[in-house]
Amino acid sequence: MKLIFEKSVPGRGTTMLGKCDVEAVALPAELCRQEAPALPEISETDLSRHYTELCQKVHGVNCGFYPLGSCTMKYNPRIDEEIAALPGFTAVHPLAPKETVEGCYEALDTAKKYLCEVTGMDDMTFQPAAGAHGEFTGVLLIKQYHESRGESHRNKIIVPDSAHGTNPATAAMCGYEIVNIPSAPNGCVDLEALKAVLGNDTAGLMLTNPNTVGIFDENILEITRLVHEAGGQCYYDGANLNAVMGAVRPGDMGFDCIHMNLHKTFATPHGGGGPGAGAVGCKGHLAAFLPSSALMDNDGRLQVRSFAGNFLVVIKALTYVMTLGAEGIKEASANAVLNANYLMRKIQGTFEPAFDRICMHEFVLDLSEFKKRTGVSALDVAKSLIDHGMHPPTMYFPLIVHEALMLEPTETESRETLDWAAEIFRKLYALAETDPEYMHNAPHNAAIARPDEVRAARTPILRYTK
Amino acid sequence: MGSYVPSTKEERREMLEAIGLKDYRELYQDVPAEMYLDKPLDLPEGMSELEVSHAMNAMASKNRVFSTVLRGAGAYDHYIPSIVKYIPAKEEFLTAYTPYQAEMSQGVLQSIFEYQTMICELTGMAVSNASVYDGATAAAEAAAMCRDRKRRVTLISAAAHPDTINTVRTYCYGTNDELRIVPVKDGKTDLDALKEMLTADVASFYVQQPNFFGQFEDCTAIGEMVHAAGAQYIMGCNPIALAIMKTPAECGADIAVGEGQPLGMPISFGGPYLGFMAATQKMMRKLPGRIVGETVDAKGERAYVLSLQAREQHIRREKASSNICSNQALCALTAGVYMSAMGPRGMAEAANQSMAKAHYLAKGLCAIEGVSLKYEGAFFHEFVTVMPKAEEVLAALAEADILGGLPVEGGILWCATEKVCREKLDETIAIVKEVLGK
């Protein structure tokens with residue numbers, strides 16, 4: 001389809017503003033740009049149709065099943081959107097006098113109280129705008145804590161090799177040396193490997209539990225104890241929090257701080273890649289280091305972005321938590337785990353799980369044997385799913401499983417959807433035996449065929465030119 | 001309690017049975033008993049949609065919505081065309097994840113490609129990324145792009161937004177790098193001080209245009225000075241002003257960043273906002289975050305993909321240029337729709353009217369005895385006045401449903417946009433006059 005620039009006609013446009021009702025002021029000539037920016041000149045009809053056509057080339061959770069592992073693509077309730085669009089929240093200035101924005105502070109305080117209870121933490125900030133941004137904030141808490149105790153020599157962060165790529169990247173942004181430790185065969189922490197690297201240079205450990213293969217690490221108390229014993233702090237990557245709410249709390253596992261992806265666990269929509277919110281919770285001893293805003297608070301603390309963070313995203317998450325309540329939160333996680341186990345067992349017998357045991361909210365299929373036999377790769381299966389209207393699972397992650405497909409169905413899918421999805425996987429398993437070529441070339445019915453990514457990287461075209 | 005779990009009790013029992021389990025506790029068999037929660041979370045009972053709607057509406061109604069906003073300082077109350085609210089609310093845009101699977105996300109990818117093009121047009125720069133969290137993080141990421149082994153020090157003007165300065169300070173603290181703040185003179189960056197501070201260890205200098213006090217900086221002269229010292233030049237720009245102002249490219253910037261909120265996003269108590277980032281061709285592979293590129297598909301048709309991913313954390317891990325994953329895709333989409341709805345003329349009109357109204361307000365206020373401009377220099381849509389009884393003035397304005405300027409050191413920082421009509425400006429001036437006349 002055409003780009004919006006290709007639909008632009010000089011002289012077309014909309015009428016948004018009236019005549020200026022005060023005297024015009026000319027910008028000093030030396031400050032004027034040479035020529036006007038070539039932005040689209042388009043009628044409102046064409047504008048509306050352009051974006052409608054674009055949205056028809058997008059698969060959202062509203063369109064169908066979206067088992068993208070580690071991303072918690074649960075249903076995004078519309079009431080949350082409606083609440084976040086109230087003028088009482090959207091039309092208030094971040095620097096308005098505090099007594100005129102009591103509702104904002106009440107919302108933030110309430111969200112803090114509830115999410116601290118869910119995670120077992122004592123304090124929280126909503127300033128981080130995304131999960132990785134929350135990690136950055138959390139590891140900076142650890143850094144400031146060690147410094148405040150005169151222990152700046154602690155310069156190493158331990159990260160298991162099964163971790164999300166953001167973990168080591170975050171530790172590097174915080175000035176730390178990264179110590180990668182190998183995982184045990186089941187993706188859990190190898191206690192001996194951990195002990196071997198712990199020492200008085202340990203600043204902390206970054207961990208997600210359940211881990212990235214969807215298994216709850218039963219040694220978690222021992223792990224956090226060992227790290228604390230060595231003088232380190234324990235950081236909980238909350239990407240997988242949707243497995244355990246109401247069942248077990250990161251604070252009770254021994255973690256000192258945590259980020260939550262409100263856009264995963266707390267049902268706020270992903271918006272095609274943001275805005276999210278990466279709330280960071282911590283135990284009392286780290287609370288003094290939580291960030292603030294120089295302009296809103298002016299208390300000399302660090303800060304990771306302007307003002308109070310993605311406020312409207314917090315409103316959506318709060319609306320969600322208030323809707324579910326204590327019981328509903330627990331029910332959500334329990335059914336996320338039930339749905340994952342149900343789907344894993346339904347698929348089993350064709351594609352095999354990397355670990356034949358109970359899983360948490362997600363599981364990983366290992367297609368390496370299947371690929372050897374049929375020549376059909378995890379990528380081919382993923383692309384074939386697109387033709388059935390299913391968003392592919394996360395591919396080739398975690399790195400410790402080869403030909404991995406990671407599925408996270410979430411709790412908001414019905415049994416029929418799970419049965420249907422399992423049936424599609426079975427069909428593709430059979431198709432790989434009879435017509436692997438067809439799968440190598442999938443998808444066949446999507447908006448585009450497979451794109452040439454190598455060409456995109458070698459000869460980058462990153463903007464439209466006439 | 002509210003619930004979004006579709007399965008009935010009976011179905012859940014059957015599903016548990018199908019996987020050979022008796023009850024939910026068995027799902028958590030790996031969780032050691034000593035930490036398994038045997039009591040409910042200390043949260044209120046859940047609510048129906050109607051109940052939660054009442055509760056949240058009550059909370060929202062505790063906030064005061066002013067009909068006239070004369071406060072900016074990083075959050076600007078511009079007119080948002082109606083269509084800008086409807087398009088990003090389309091469920092497909094709203095509920096999709098990052099476009100990892102290009103075949104199922106061409107709509108998101110093309111919208112970002114179009115956004116990147118518009119940012120390049122606005123800034124004059126060669127390449128743009130798909131956006132970052134906000135203007136402050138964009139500045140911090142830009143500074144990080146410029147540091148190399150020899151040059152580690154970042155300079156920033158004291159006339160930048162305080163939250164931007166503090167965010168850059170925080171990112172520098174992360175990597176154990178030094179941030180030095182270039183002082184202000186008469187409301188603008190002190191160029192003599194800057195010249196002295198541009199030592200051989202300086203990686204970059206960041207200036208905001210117009211600056212926090214609304215003043216125009218001499219960005220061309222600054223650029224020449226920065227480059228002469230071998231450092232990189234980062235400009236933080238107001239995107240509305242860019243519709244009429246000399247572009248960062250024309251000023252010689254290596255990286256242009258800014259707060260994209262004025263491009264169709266409500267002020268929303270501070271977020272979600274949008275950080276835009278554009279750079280010269282030379283800096284392209286140092287840009288952090290998502291970038292969309294054009295390519296062809298297996299049938300030779302034009303297609304869009306996430307590109308240059310070798311820079312990113314999921315490939316490079318600790319060697320990545322940043323840990324950033326999410327951009328602010330829906331905000332970038334919003335900005336794209338805004339720029340298309342306004343068009344080049346509409347955006348220039350918004351810029352010109354904002355500037356005209358701010359000057360009208362400044363002139364009216366300064367005609368009152370005891371009120372003067374704190375700085376002499378030319379300004380865009382913000383300015384600082386010196387006046388007595390600032391607190392009383394703001395209180396009287398609030399009573400008239402007007403959010404006055406922001407109290408800053410030594411004065412009040414005012415802002416006007418195209419949204420404010422002359423009548424309201426006259427009313428503001430009259431109220432100030434009345435309070436000061438008492």
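This report describes a strand, a helix and a chain contact in the structure above.

The model is predicted, so local features need pLDDT of at least 70 and side-chain atom pairs count only at pLDDT 80 or more, while totals for chains, interfaces and linings use all residues. Residues are numbered from 1 along each chain as its sequence is written, and chains are lettered from A in the order in which they are written.

Strand E10 of chain A covers residues 404-407; strands (E, at least two residues) and helices (H or I, at least four) are DSSP runs numbered from the N terminus. On one side of E10(A) lie Ala404(A) and Met406(A), on the other Leu405(A) and Leu407(A), and all are buried, that is, 20 or more other C-beta atoms, placed from the backbone, lie within 10 Å of the residue's own.

| Partner strand | Residues | Bridges to E10(A) |
|---|---|---|
| E8(A) | 363-366 | four |
| E9(A) | 394-395 | two |

Within these pairings, Val364(A) is bridged to Met406(A), and Met395(A) to Leu405(A).

Helix H1 of chain A, residues 44-55, reaches 17 Å from its first C-alpha to its last, close to the expected 16 Å, which is 1.5 Å times one less than its number of residues. Its buried residues are Leu47(A), His50(A), Tyr51(A), Leu54(A) and Cys55(A). Seen down the axis of H1(A), these fall within an arc of 130°, so they line one face of the helix, the arc being that of the directions from the axis to the C-beta atoms.

The contact between the chains (C-beta atoms within 7 Å) takes 166 residues from chain A and 168 residues from chain B. Helix H10(A), residues 311-347, gives the most to the side of chain A that touches chain B, with 22 residues.

Notes: A residue is buried if 20 or more other C-beta atoms lie within 10 Å of its own, exposed if 12 or fewer, and partly exposed in between; C-beta atoms are placed from the backbone. Two strands pair if DSSP finds at least two bridges between them. Two residues are in contact if their C-beta atoms, placed from the backbone, lie within 7 Å.
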